[in-house]
Amino acid sequence: MRRLEGKTAVVTGAGRGLGAAVSRLFAREGAAVVLADVNLADVRDLAEEITAAGGAAAAVRADVTSEPEVESMVNIAVDRYGRVDILVNNAGIAGNGSVVELTEAGWDRVMAVNLKGVYLCSRNVIPHMTRAGGGSIVCVSSIAGVVGQKGQAAYHASKHGVIGLVRCMALDHAEAGIRVNAVCPGAVDTPLLAGLTEPQMDALRAMHPMGRIARPEEVARAVLYLAGGESSFVTGSAFLIDGGYTAM
Ligand SMILES: NC(=O)c1ccc[n+]([C@@H]2O[C@H](COP(=O)([O-])OP(=O)(O)OC[C@H]3O[C@@H](n4cnc5c(N)ncnc54)[C@H](O)[C@@H]3O)[C@@H](O)[C@H]2O)c1
């Protein structure tokens, strides 16, 4: 028996990187996956790949910072598959700088995608989950949600905010049977890190006691655990997958 057989999942930022790895794994585990991203071409390609492999997937263009687009994303999921059992709030962007260096627009953009996006997607999915008797929401925070780092004020503030929001949503919706959890990965080998030079990548690897960064599939397996029934008594948690980064 596959672990997500009969379930419908919405994954934001599904076009590449961690979101694509989560979507592929969910489809292999039997879920119908609604692949949402600002980049429609990427999610269309992934939907074709998943369908060709025998899975079920639909590609949707949705910017998580826009409530009308988020609402339409959820409506497409419900119209097409009848329900939303799982939401993975994965879409996120980087943003460098101290508070002095960050422009107000830069701060607002990071907060809009990384934190407000989680609020908007959750807000639109939770009423459907409540009516259906439950569901599972997994939010992609980061070690940036647990510790600080120089020159990363907005990104770390947004990821700390995600963990706070996860805890509050877990409390608010526990009685409705909705579990809400966060994953906190260390650095993951995705296009998000594409701008880093090889010496910067070496430094990043060295910051993790395991001497390397994560493969997207390693994080996707933790998202699967939190999304599915194996974590039936887990809610409000922030699950570290960081190669020991925060153990130091
Ligand atoms: N890569 C890392 O080292 C790392 C570490 C910890 C946490 N994370 C988090 O993991 C998540 C996924 O990151 P990734 O590394 O796969 O990044 P990525 O840049 O490879 O992929 C992000 C995806 O999100 C999409 N996206 C961006 N803005 C969006 C918006 N407004 N609405 C909808 N989709 C949007 C992009 O088009 C892209 O497909 C992010 O929340 C990120 O903060 C990443």
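In the predicted model, the residues of the shell around the ligand comprise 13 nonpolar, 11 polar and 4 charged residues. The ligand is surrounded by 28 residues, of which Gly 13, Gly 17, Gly 92, Thr 190 and Leu 192 are the closest. Helix H1, spanning residues 17-28, contributes 3 residues, the largest share of the shell around the ligand.

The protein contains 7 helices and 7 strands. Read from the N terminus, the order of elements is β-α-β-α-β-α-β-α-β-α-β-α-α-β. The radius of gyration is 17 Å, close to the 18 Å given by the globule rule for 248 residues, so the protein is as compact as a globular protein of that length. The C-alpha trace spans about 45 × 35 × 35 Å along the principal axes. Of the 248 residues in the protein, 47% are buried. Among contacts with a separation of 6 or more, 72% are between residues 24 or more positions apart.

Pro 185 was examined individually. This residue lies in strand S6, which covers residues 178-185. Pro 185 counts as buried because 26 C-beta neighbours fall inside 10 Å, where the cut-off for a buried residue is 20 or more. When residues up to four places away in sequence are not counted, Pro 185 touches Ser 142, Ala 214, Val 219, Ile 241 and Asp 242. Leu 226 is 41 residues from Pro 185 along the chain, and the C-alpha atoms of the two residues are separated by 14 Å.

Methods. Residues numbered from 1 in each chain as written. Predicted model: local features only at pLDDT ≥ 70, side-chain atom pairs only at ≥ 80, totals over all residues. Near = placed C-beta within 6 Å. Helix = DSSP H or I, 4+ residues; strand = E, 2+ residues; numbered from the N terminus. Nonpolar A, V, L, I, M, F, W, Y, C, P; charged D, E, K, R; others polar. Rg over C-alpha atoms; globule rule 2.2 N^0.38 Å. Buried ≥ 20, exposed ≤ 12 C-beta atoms within 10 Å, placed from the backbone. Contact = placed C-beta atoms within 7 Å.
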